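Here's a walk through one protein chain, taken a piece at a time. Have a look at the sequence and the fold first, then read on.

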Amino acid sequence: MTSDNDRRGGLLARLRRGRSAAPSRGRRRLGAAVRLIAALTLAGGAYTLFAPGVQAQENPPLTGAAAEGKALFDVSCVTCHGRNAQGVEDRGPSLIGVGAASVDFQVSSGRMPMARQEAQAGRKPPVFTDEQTRQLAQYVQELGGGPIIPEGDLSRGADLAVGGELYRINCSQCHAFSGGGGALSSGKYAPSLMPASDRQIYAAMLSGPQNMPVFGDNQLSPQEKADIIAYIQQSLQNTQDPGGFNLGRYGPSTEGVAIFLVGIVALVFAALWIAGKS
């Protein structure tokens, strides 16, 4: 009888211990979860408090020049390039990342704004002043960054001989040896360099407009760009054509046509005159 009572007492004790152990484990797990959440909340709050600059800004503040450029952009460019210069399908590309150099080239040469969609944007009188062009360029630069044109004399310390060699290697295939330009495929063309300013030449090398490749500082150093600019402006743009007519400066094609029309025809008439005299 005593042993039965002992067994019943032991069984009841074990049941009580099991019931009390289960809530104890649940409370421990709940407490651990609460402590983890509290630690994460404290860590997040401390990070937000001590590192506010990491938070992304959808509309970062613009400098004065960029704000003026945005006002111009919203009036004259937003139709094709969209709000915040993100582009509009079948109208105009995104300008994020193109940099101030691209805007300076396109706007200062009158290629932008385009009058209509064509195979290539042609040069025309600019719509914006130099100051307005720089404001537009600054706005696009602050939106997404990109190449910029250095300030100051862009041909300082240039070597004309080196510039001529670099021009003949990298530029003459499209712009011709004389800088008069030439035809490309699909209705496109390499424009004449005669009216180009030093900033426009530098910007074109940095941004690669139309079919032109990009000549970054890894391809042509700033000094080599200065050499090319000096050669174009001092040798090509100032040529006085001492031999007579320049024939458009398109190279051997026009010269060959001129020789045929003038030289060969003159020889034929000379031969006929000699034959008639004899």
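Let's start with Asp104, which is found in helix α4. Helices here are DSSP runs of H or I at least four residues long, strands are runs of E at least two long, and both are numbered from the N terminus. Asp104 has a relative accessible area of 6%, so this residue is buried. The cut-offs are under 20% for buried, over 50% for exposed and partly exposed in between, with a 1.4 Å probe and protein chains only. Setting aside residues up to four places away in sequence, Asp104 touches Ser109, Thr133, Ala137, Ile149 and Arg199. Contact means heavy atoms within 4.5 Å.

A word on where all this comes from: the model is predicted, so local features need pLDDT of at least 70 and side-chain atom pairs count only at pLDDT 80 or more, while totals for chains, interfaces and linings use all residues. Residues are numbered from 1 along each chain as its sequence is written, and side-chain values use heavy atoms, with hydrogens and water left out.

## The chain as a whole

Stepping back, the protein chain has 10 helices and two strands. Read from the N terminus, the order is α-α-α-α-α-α-α-β-β-α-α-α.

Of the 278 residues in the chain, 27% are buried. The accessible surface comes to about 17,800 Å², and carbon and sulfur atoms account for 60% of that; the areas come from the Shrake-Rupley method with a 1.4 Å probe, and for residues only the protein chains shown count as cover. Take the contacts between residues at least 6 apart in sequence: 60% of them join residues at least 24 apart.

Helix α5 covers residues 130-144, and its 15 residues should span 21 Å at 1.5 Å a residue; the end C-alpha atoms are 22 Å apart, which agrees. The expected span is 1.5 Å times one less than the number of residues. Just after the helix, Gly145 takes a positive phi of about 75 degrees.

Which residues of α5 are buried? They are Thr133, Gln135, Leu136, Ala137, Tyr139, Val140 and Gln141. These buried residues pack against α2 (64-76) and α4 (99-108). As background, an α-helix has 3.6 residues a turn, so residues three or four places apart point the same way.

Leu136 and Leu72 are 64 residues apart in sequence, yet their C-alpha atoms are 7.0 Å apart. Beyond residues up to four places away in sequence, Leu136 touches Gly69, Leu72, Phe73, Cys77, Val103, Val107 and Phe128.

## Where α6 crosses α9

How do the axes of α6 (residues 160-170) and α9 (residues 222-236) cross? They come within 7 Å and cross at roughly 95 degrees, which makes α6 roughly perpendicular to α9. The axes are lines fitted to C-alpha atoms, for helices over the stretch in contact, and angles between N-to-C directions run from 0 to 180 degrees. Under 35 degrees counts as roughly parallel, over 145 as roughly antiparallel, 65 to 115 as roughly perpendicular and the rest as oblique.

On the α6 side, the contact residues are Leu160, Val162, Gly163, Gly164, Leu166, Tyr167 and Arg168; they meet a set in α9 including Ile228, Tyr231 and Leu236. The residues of this contact divide into nine nonpolar, four polar and three charged. Nonpolar takes in Ala, Val, Leu, Ile, Met, Phe, Trp, Tyr, Cys and Pro, charged is Asp, Glu, Lys and Arg, and the others, Gly among them, are polar.

## Loops worth a look

Pro150 lies in the loop between α5 and α6 and is partly exposed, at 34% relative accessibility. Leaving aside neighbours within four places in sequence, Pro150 is in contact with Arg199 and Tyr202. Pro150 and Arg199 are 49 residues apart along the chain, with their C-alpha atoms separated by 8.8 Å.

Most residues other than glycine have a negative phi, and most peptide bonds are trans. Met112 and Pro113 are joined by a cis peptide bond, with omega about 0 degrees; Pro113 is in the loop between α4 and α5. Ser186, in the loop between β1 (182-183) and β2 (189-190), has a positive phi of about 60 degrees and is exposed at 67% relative accessibility.
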